Amino acid sequence: MYKKGNHRQIDNCRPMAIATTISKISEIYMAEQLDGFLDIIIREQYGYRKKKGAVDLLENFCDKINKALDDHLHAVVCFVDFSNAFDSLNHQKLLNILDDMGVRGLVKDWFGNYLFNRKIRKKRENIQ
């Protein structure tokens with residue numbers, strides 16, 4: 001699937017997986033289970049979460065800045081663009097993070113099997 005940049009360069013395309021129905025159902029189930037688990041641990045994650053969006057992020061951000069200023073503290077902010085983070089994700093590090101967060105056993109093994117030994121090919125298509 002086309003991401004951005006020159007349409008003719010294959011590196012500007014994201015691989016697209018064609019999964020079976022069973023695989024899709026298990027993905028959705030695991031995503032729901034993990035989201036519920038992570039909601040307890042990561043309260044300030046806003047991207048790709050149900051009932052959390054940019055407005056919630058901005059409200060929380062403004063509250064923290066205003067509190068710091070009210071307390072006569074300095075407020076320092078660093079913005080980082082993670083737009084290409086998915087493409088450079090190290091799967092082993094992700095599994096280690098899940099382990100650190102308490103995702104272990106069969107669930108962690110499921111993620112490991114899902115992430116490793118996948119073969120993905122890019123196919124150039126005529127993009128107008």
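**Entry 1: getting my bearings**

I began with burial and found that buried residues make up 12% of the 128 residues in the protein. Buried here means under 20% relative accessible area, exposed means over 50%, and partly exposed lies in between, using a 1.4 Å probe and protein chains only. I noted that this is a predicted model, where local features need pLDDT of at least 70, side-chain atom pairs count only at pLDDT 80 or more, and totals for chains, interfaces and linings use all residues. Residues are numbered from 1 along each chain as its sequence is written, and side-chain values use heavy atoms, with hydrogens and water left out.

Next I looked up the secondary structure, and the protein has 4 helices and 0 strands. Along the sequence I read the pattern α-α-α-α. Helices (H or I, at least four residues) and strands (E, at least two) are DSSP runs, numbered from the N terminus. I also checked contacts, meaning heavy atoms within 4.5 Å. Of the contacts with a separation of 6 or more, 45% join residues 24 or more positions apart.

**Entry 2: helices α3 and α4**

Two packed helices are described by the angle between their axes and the distance between the axes. I looked at α3 (residues 91-100) and α4 (residues 105-115), whose axes come within 10 Å and cross at roughly 170 degrees. The axes are lines fitted to C-alpha atoms, for helices over the stretch in contact, and angles run from 0 to 180 degrees between N-to-C directions. The two helices are therefore roughly antiparallel to each other. For that label, angles under 35 degrees count as roughly parallel, over 145 as roughly antiparallel, 65 to 115 as roughly perpendicular and the rest as oblique.

Which residues in α3 meet α4? I found His-91, Leu-94, Leu-95, Leu-98 and Asp-99 in α3, facing Lys-108, Phe-111, Gly-112 and Leu-115 in α4. By class, this contact has 5 nonpolar, 2 polar and 2 charged residues. Ala, Val, Leu, Ile, Met, Phe, Trp, Tyr, Cys and Pro count as nonpolar, Asp, Glu, Lys and Arg as charged, and the others, Gly among them, as polar.

**Entry 3: aromatic rings**

I counted 3 aromatic pairs. Rings of Phe, Tyr and Trp (its six-membered ring) pair if their centres lie within 6.5 Å; planes under 30 degrees apart count as stacked, over 60 as edge-to-face and the rest as tilted. The ring centres of Phe-61 and Phe-79 are 6.1 Å apart with planes at 55 degrees, so this pair is tilted. Phe-61 sits in helix α2 and Phe-79 in the loop between α2 and α3, 18 residues apart. I see that Phe-61 is partly exposed at 32%, while Phe-79 is exposed at 70%.

Trp-110 and Phe-111 make an edge-to-face pair, 5.1 Å centre to centre with 85 degrees between the planes. Trp-110 is partly exposed at 24%, and Phe-111 is buried at 14%. Together with Tyr-114, Trp-110 and Phe-111 form one aromatic cluster.

**Entry 4: a few single residues**

I placed His-72 in the loop between α2 (54-70) and α3, and it is exposed at 73% relative accessibility.

Leaving aside residues up to four places away in sequence, Asn-60 touches Glu-44 and Tyr-46.

Last, I looked for disulfides, pairs of cysteine sulfur atoms within 2.5 Å, and the count is 0. Cys-62 is partly exposed at 38%, and Cys-78 is exposed at 66%.
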